[in-house]
Amino acid sequence: MLGHVRHWIFDLDNTLYPAHASLFPQIDARMGLYIQRLLGVDPQEAHRIQKRLFHSHGMTLPGLMALHNVDPHHFLADVHDVDIDVLRPHPELGDLIARLPGHKYVFTNADAPYAERVLARLGLTHAFDALHDIHALSYVPKPQPGAYTHLCETHGIDPTRALFVEDMARNLAPAKAIGMTTVWIDNGSEQGPGDARDHIDHIIPDLADWLTKVVSTLEAP
């Protein structure tokens, strides 16, 4: 069923590594501390502001840029100053991705320096042809439709021949709208889409297990 796919697109956080690794909670905590220092608020108010901006702007950063003139490079360097040693290297996953036919991309709302550190720690760097980060997106993040259009235009991706893997179900809806095949990793990193699942083609609990089956099928004579 996936023989038509020639562009394999993967989210980074909680997708290329399991949510139970607890890397993203470190980032989330540092965002809260950043907002506390920036606005002089207590942790509870910082949390409310952070989540409100996340839902209104797709991620916290564009909201802080628009409302408080935050320098994106300073913000991203600060919140991504985390311990990635909590990640277990997974070179087998990199080998599976490398064996997929066509081009492979990382599509993330994080920035390239952080993403490159994560990929190197996991042993996945060799598996990808390109990394499309929040700077490349001009701070228009997933799930805003323009982010997906920009990705496709930049890398010459035909969305009808593309597949996108994400742990956040809401980020799959714009991908489905332009013709991508969508895969949601139901790994506990978010509550889930409820009954609104028309934009999800495949639901999987583990990326490596699923890719093992996909590669085996695609490579079968």
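Before the strands, one definition: two strands count as paired if DSSP finds at least two bridges between them. Keep in mind that this is a predicted model.

With that rule, take strand β4, residues 162-166, and strand β5, residues 181-185. Four bridges join them, and they run parallel. In β5, T181 is the bridge partner of L163.

Now the other neighbor of β4. Strand β1 joins β4 through four bridges, again parallel. Here W8 stands opposite L163.

Is β4 covered or open? Mostly covered: five of its five residues are buried. A162, F164 and E166 point one way, while L163 and V165 point the other way. Note that E166 is among those buried residues.

On to β2, residues 103-107. β1, residues 7-10, is joined to β2 by four bridges, in parallel. I9 stands opposite Y105 there. Next, β2 pairs with β3, residues 130-132, over three bridges, also in the parallel sense. V106 sits opposite L131 in that pair. Four of the five residues of β2 are buried, so this strand is largely enclosed by the rest of the structure.

Nonpolar side chains tend to be buried together in soluble globular proteins. The largest nonpolar core here has 71 residues, and F10, L16 and L207 touch the most other members. Helix α9, residues 207-219, gives the largest share, six residues.

What does L16 touch? Leaving out residues up to four places away in sequence, its contacts include F10, V106, L119, F128 and L207. D11 is also one of them.

Last stop, helix α1, residues 24-39. It has 16 residues and reaches 23 Å from its first C-alpha to its last, close to the 22 Å expected at 1.5 Å a residue. Which of its residues are buried? I27, M31, G32, Y34 and I35. Seen down the axis of α1, they fall within an arc of 160°, so they line one face of the helix. What covers them includes α2, α3, α4 and α6. Just after α1 comes G40, with a positive phi of about 65°.

That's the tour. I'm happy to take questions.

Notes. Residues are numbered from 1 along each chain as its sequence is written. This is a predicted model: local features need pLDDT of at least 70, side-chain atom pairs count only at pLDDT 80 or more; totals for chains, interfaces and linings use all residues. Side-chain values use heavy atoms; hydrogens and water are left out. Buried means under 20% relative accessible area, exposed over 50%, partly exposed in between (1.4 Å probe, protein chains only). Helices (H or I, at least four residues) and strands (E, at least two) are DSSP runs, numbered from the N terminus. A nonpolar core is a set of buried Ala, Val, Leu, Ile, Met, Phe, Trp, Tyr and Cys residues joined through side-chain atoms within 4.5 Å. Contact means heavy atoms within 4.5 Å. The expected span of a helix is 1.5 Å times one less than its number of residues. The arc is that of the directions from the helix axis to the C-beta atoms.
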